[in-house]
Amino acid sequence: MPETTTAPGPTAHEAGPTLLIRDATVLTMDPALGDFERADVLVTGDRITAVGPDLSAPGAETVDARGMIALPGLIDTHMHAWQTPLKGKYADGWTFDDYQNRVFRLRENFTPDDIHDATFAGSVQMLDSGVTGVLDFCHNVMSPQAAEAGLRAHAATGQRVLWAYGMLGSFDAPPADHAWRLEHVRELSAHVGDSGLLRLGLALSSLEYGDLERTATEVELARELGLRMTVHQNPAGQIRALHERGLLDEDILPAHANAADDEELELLAACGGGISFTPEGEFGGGRSMTVLNRAHRAGVCSSLGIDTHARVAIDLFAAMRLTYLLMRNVDAAEEREAGRYPLARRPGLPLIEPRHMLEYATVNAARSLGLGDELGRLAPGCYADLILVDTEPYGRALGDPAAHVVLQTHPGDVDTVVVGGKVRKRGGRLTDLDPVAAGRATRRVRSRVLDDGSAETSARP
């Protein structure tokens, strides 16, 4: 049993303990602390100040977590929140053209009000599902007002957000379209900055739709302003191209990268970089999934995202589960091809255990958001972003509790959500956000944006 660990005493602006999570099975995801079969988590302000059994905190709000697993809040590192109301538009999609025609072309129909409503709806659903943090890749910034609307929506929900300003305009846009985006990012950085729950980032132009010099201009601006970056990495060779141009570093998070070769993965690992994998969309879209195993072996900081609600549910538990099974299957396929079947354990195989998936969605994701020292762990000094997973009435699975989270849990099991020390969900219900309001926001967007008669208008009163 790990010993109780406590942070230094409260600073002058802290009034003392504010929240005490009692008697949970605690997955700290911190190597120095390990797991606790039964322990408390003490929160002061927006930080965790102690973890261990039988903590005393007179006056603190108390949450009885018996029968629950406490773990860091899940973090999605590749999400397009503006597509939340388009749920189902890509359900049977097959080709990239399907996505372009059914989903992406609709961004031209979105007003700033639509961006606000869609982002609000997506953020509420994420919080309700235990996703306390997100990198929102907003490639629907068709005006400065649209960007500001997306930022306001996230500020209203209080999710921890790295909002990545999309630099990709209309495909036939003139150079001036790029210029105003650059200037607007500079203006916003002075107001949003890179601290607190809402931080500004940059979603770089996709290299296949622009050119490397355009991307270099964006990277230079982001680094001047101290902003994290992300980029869609689809065709082969783009990671190498960024490296050769002197742009590749750990502050750029590629998404997907299924076509990356081993040399590119080594380049990413060497600079401390990562990849955001979105396994449901990638696997469903027919992409090669061997990159999952190759990236893990290379030491790349792998994390996970949902990508688009137009195709799959907002459910990082499902993403962790699928990734685990895919990676096990990649290993098994290689063993079969080598004539080693039936399967047998041998050094290095299987590569992955369920706990690795939880690392992808917490520790690694926090690193990818640039908060690796302060987020993704339940440890003194870290931000108090955490969730409680209820294992009752059927009971916790045998073995590693991390395996229960990855292989047995769904969003409906999320009893409690805490972001920055504030309880956002308790007893299975959001405390200060209304799911019905999020549903109404979705229906408003559909009524204004969809031009094919498919907008849903009915809802329970």
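Visitor: Let's start with open space. How much lies in the largest pocket?
Guide: About 470 Å³ in this predicted model.

Visitor: And which residues lie nearest its centre?
Guide: Phe96, Tyr99, His256, Arg287 and Asp307, out of 24 residues that line the largest pocket.

Visitor: Which elements give two or more residues to that lining?
Guide: Those are α1 (96-102) and α8 (279-284). Helix α1 has the largest share, with three residues.

Visitor: How do the lining residues divide by class?
Guide: Twelve are polar, seven nonpolar and five charged.

Visitor: What lines it?
Guide: The lining of the largest cavity is Phe137, His139, Gly166, Met167, Leu168, Ala203, Leu204, Ser206 and His232. Five of these count as nonpolar and four as polar, with no charged residues.

Visitor: OK, helices now. At what angle do α10 and α12 pack?
Guide: About 100°, and the axes of α10 (residues 316-337) and α12 (residues 401-408) are 7 Å apart. An angle of 65 to 115 degrees counts as roughly perpendicular, so α10 is roughly perpendicular to α12.

Visitor: Which residues make the contact?
Guide: From α10, Phe317, Met320, Arg321 and Tyr324; from α12, Val405, Val406, Leu407 and Gln408.

Terms used
Residues are numbered from 1 along each chain as its sequence is written. This is a predicted model: local features need pLDDT of at least 70, side-chain atom pairs count only at pLDDT 80 or more; totals for chains, interfaces and linings use all residues. Side-chain values use heavy atoms; hydrogens and water are left out. On a 1 Å grid over the protein atoms alone, a cavity is a set of points where a 1.4 Å probe fits but cannot get out, and a pocket is an open set with protein on both sides within 12 Å along at least five of seven lines; lining residues have an atom within 4 Å of a point. Ala, Val, Leu, Ile, Met, Phe, Trp, Tyr, Cys and Pro count as nonpolar, Asp, Glu, Lys and Arg as charged, and the others, Gly among them, as polar. Axes are lines fitted to C-alpha atoms, for helices over the stretch in contact, and angles run from 0 to 180 degrees between N-to-C directions. Helices (H or I, at least four residues) and strands (E, at least two) are DSSP runs, numbered from the N terminus. Angles under 35 degrees count as roughly parallel, over 145 as roughly antiparallel, 65 to 115 as roughly perpendicular and the rest as oblique. Contact means heavy atoms within 4.5 Å. Grid points are joined across faces, edges and corners, and a volume is the space filled by probe spheres set on the points.
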